[in-house]
2 protein chains.
Amino acid sequence: MAAKAAAPDKRRQILDAAVRVFARQGFHATRVSDIADEAGVAYGLVYHYFRSKDEVLNELFIERWSLLLAAIEEADQAGGTHRERLAAVAGFIVGSYRHDPELMKVIIVEVTRAANSFGRTHLPEIRRAYESIAKIVADGQAAGEFRRDVTPLFASMAFYGAIEQLLSGWIFEVIPASDTSFEDAKDLLVTTICDGLGPR
Amino acid sequence: MAAKAAAPDKRRQILDAAVRVFARQGFHATRVSDIADEAGVAYGLVYHYFRSKDEVLNELFIERWSLLLAAIEEADQAGGTHRERLAAVAGFIVGSYRHDPELMKVIIVEVTRAANSFGRTHLPEIRRAYESIAKIVADGQAAGEFRRDVTPLFASMAFYGAIEQLLSGWIFEVIPASDTSFEDAKDLLVTTICDGLGPR
DNA sequence: CGGAACCGATTGACTGGTCAATCAGTGAGG
DNA sequence: CCTCACTGATTGACCAGTCAATCGGTTCCG
C-alpha cells in the first residue's frame with residue numbers, strides 16, 4: 001500500500017475517534033492522548049494531521065455544518081410550501097441526530113451552544129444558518145403563508161431553538177428518545193411553530 | 001466595622017465580581033485570581049468563602065434558578081388562562097435578562113447550555129423547570145385551551161428552547177437587543193408558541 | 001537490478017507554563 | 001489573648017504542544 005493512501009485513513013480514524021471521546025467526556029475534559037488512544041495511533045500523529053486539539057473539533061464542525069447549510073439551501077430551492085421547506089430543514093437536523101447522535105452531540109454541546117468559548121470562532125457560520133431559515137420565513141410571509149407580525153429572524157431563532165432544545169433533551173435524557181419520537185418530532189416541531197406563524 | 005459584619009459584604013462582592021468576570025471571559029478562561037482582583041480582595045479569601053471555583057458558579061446558578069422555579073410556580077398559582085401563565089414565565093425570563101444580562105449570560109452559557117460539563121450537576125433542577133412548564137401545558141390541554149396532540153414535555157422544551165435561543169441571540173449579538181425588542185419579545189414568543197398549540 | 005538517497009508518516013518522551021488549591025501567617029475585634 | 005476574616009506566596013498536578021528519532025516506501029542512478 002502506498003504511503004499516500006494510508007494517510008487519509010489515519011486522519012479519518014483520528015476524527016472518528018475524536019467524536020467518540022468528545023461525546024463521552026466533553027471537549028475540555030479530553031486530553032489529546034485520549035484521542036490518540038481511542039484512534040489506536042501515536043500521540044504525535046494527531047499533531048501531524050492537525051495543528052491543535054481545537055483544529056480537530058473545528059474540522060468536525062465545519063464538515064457537518066456545511067452539510068446543514070447545503071441542506072437548508074436545498075430545502076429552499078426545492079420549492080413547495082414554505083411550511084414544507086421548514087419541515088425539510090427540521091427533518092434534516094433530526095435525521096442527522098438519528099444517524100449519528102455522538103457527532104450531533106459534539107456539534108451542539110461543544111460548538112453551537114458553546115458560543116462563549118469554542119463556538120465564538122464559528123458564530124458567522126452559525127448565523128448564516130439562522131439567516132437562511134429566516135429567508136424561508138420571509139418568503140413565506142411574502143407569499144401570504146405566514147403572519148407578518150413576527151420578524152423572520154425572530155421566528156428563525158425560535159424554530160431553531162426549539163429543535164436544538166429537543167435534541168439536547170434527547171442527548172441528556174431529559175426526554176426519552178425512541179424511534180417513534182424521531183418520526184414524530186419533525187412534524188410536531190413544524191406544527192408547533194408554523195401554526196403559530198400561520199395567518200389566523 | 002465589625003469583622004462579622006464585613007463578612008457577608010465580601011462574599012457578595014466576590015459573587016458579583018465573579019458574574020462580571022465569567023460573563024466577560026467565560027468560566028473556564030477565568031482564573032480564581034481574576035475573580036479576586038475584580039472583587040478587590042485577596043486570592044485566598046475566595047477560598048475562605050467558597051470551597052472551589054466551581055462552587056462560586058454553583059452558588060450563582062442556584063440563587064438565580066430557584067427564583068425561576070418560584071416564578072414558574074407562582075405564574076401557575078396565579079390563575080388566569082394557561083396562555084397567560086406561559087406569558088408570565090416568558091416575561092420573567094426576559095425580564096431577568098433585561099435586569100441583569102451578565103448574570104443571565106453566565107447562567108445560560110455556563111450552566112444551562114453546558115450540560116456536558118458544569119451543567120451536568122444541575123440537570124435535576126433544570127429538568128424541574130421543564131417539568132413545571134410542562135405541567136402548565138398539560139393543565140391547559142385538560143382545560144381545552146391547548147391542542148392535545150403535542151406532548152406537554154415536548155411543548156415545554158420547544159417553549160423554553162425558543163426563549164433561550166432568543167436570549168442567546170441577544171447575548172452574542174446575532175440579533176439586535178433593544179428595549180422595544182425586550183417589550184415585544186415576551187408577546188411574540190407566546191404568540192408564536194401558543195397559537196401553534198391552540199385548538200384549531 | 002541493487003542499493004543509496006530521500007521523504008513523508010509515525011512514534012512517544014519530555015518540557016514549559018498554567019492554575020487550582022493549600023497553608024502559614026497577620027492583625028483587629030471582642 | 002483568642003478567634004476569625006483576611007492575605008498572598010508556594011506547591012503540586014496536569015497537559016498541550018514540541019521534537020528528535022525511527023520506520024518504510026518510492027525513486028532514480030550506476
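Student: Is S132(A) buried or exposed?

Tutor: This is a predicted model, and the values discussed here are computed from it. S132(A) has a relative accessibility of 15%, and the cut-off for calling a residue buried is under 20%. Because 15% falls under that cut-off, S132(A) counts as buried.

Student: In which helix is S132(A) found, and which residues is S132(A) in contact with once its neighbours within four places in sequence are left aside?

Tutor: S132(A) belongs to helix α7 of chain A. With the neighbours within four places in sequence left aside, the contacts of S132(A) are I72(A) and E73(A).

Student: What is the secondary structure of chain A, and what percentage of its residues is buried?

Tutor: Chain A consists of nine helices and zero strands, so that reading along the sequence gives the pattern α-α-α-α-α-α-α-α-α. Its C-alpha atoms fill a box of roughly 60 × 35 × 35 Å along the principal axes. Among contacts in chain A between residues at least 6 apart in sequence, 69% join residues at least 24 apart. Of the 200 residues in chain A, the buried ones make up 55%.

Student: Which residues touch the most other members of the largest nonpolar core?

Tutor: The largest nonpolar core holds 143 residues, and those that touch the most other members come from chain A and chain B. For one of them, W65(A), the contacts beyond four places in sequence include I107(A), E125(A) and Y160(A). The residues asked for are F22(A), W65(A), W170(A), F22(B), W65(B) and W170(B).

Student: Where is F172(A) placed, and which residues of chain B is F172(A) in contact with?

Tutor: F172(A) lies in the loop between α8 and α9 of chain A, and at 10% relative accessibility F172(A) counts as buried. Leaving aside neighbours within four places in sequence, F172(A) is in contact with K105(A) and V109(A) and, from chain B, with A115(B), N116(B), R120(B) and L123(B).

Student: How much area do chain A and chain B bury between them?

Tutor: The contact takes 41 residues from chain A and 42 residues from chain B. In chain A, N116(A), F154(A) and Q165(A) lose the most area to chain B, together 18% of what that side buries. Carbon and sulfur atoms carry 65% of the total, which is about 3500 Å².

Student: How many salt bridges does the rule find across the interface, and which element gives the largest share of the side of chain A that touches chain B?

Tutor: The rule finds four salt bridges across the interface of chain A and chain B, and the side chains of D195(B) and R147(A) meet in a salt bridge at 3.2 Å, N to O. The count of residue pairs in polar contact between the chains is 11. On the side of chain A that touches chain B, the residues divide into 21 nonpolar, 10 polar and 10 charged. The largest share of that side, 11 residues, comes from α8(A).

Student: Which residues is S156(B) in contact with, leaving aside its neighbours within four places in sequence?

Tutor: S156(B) is placed in helix α8 of chain B, residues 152–171, and at 0% relative accessibility S156(B) counts as buried. Its contacts beyond four places in sequence are Y130(B), I133(B) and A134(B).

Conventions
Residues are numbered from 1 along each chain as its sequence is written. Chains are lettered from A and ligands numbered from 1 in the order in which they are written. This is a predicted model: local features need pLDDT of at least 70, side-chain atom pairs count only at pLDDT 80 or more; totals for chains, interfaces and linings use all residues. Side-chain values use heavy atoms; hydrogens and water are left out. A nonpolar core is a set of buried Ala, Val, Leu, Ile, Met, Phe, Trp, Tyr and Cys residues joined through side-chain atoms within 4.5 Å. Buried means under 20% relative accessible area, exposed over 50%, partly exposed in between (1.4 Å probe, protein chains only). Contact means heavy atoms within 4.5 Å. Buried area is the accessible area (1.4 Å probe) that two parts lose on being put together, summed over both. A polar contact is a pair of N or O atoms within 3.5 Å; within protein, one must be able to donate a hydrogen and the other to accept it, and residues adjacent in sequence count only if both atoms are side-chain atoms. Helices (H or I, at least four residues) and strands (E, at least two) are DSSP runs, numbered from the N terminus. Ala, Val, Leu, Ile, Met, Phe, Trp, Tyr, Cys and Pro count as nonpolar, Asp, Glu, Lys and Arg as charged, and the others, Gly among them, as polar.
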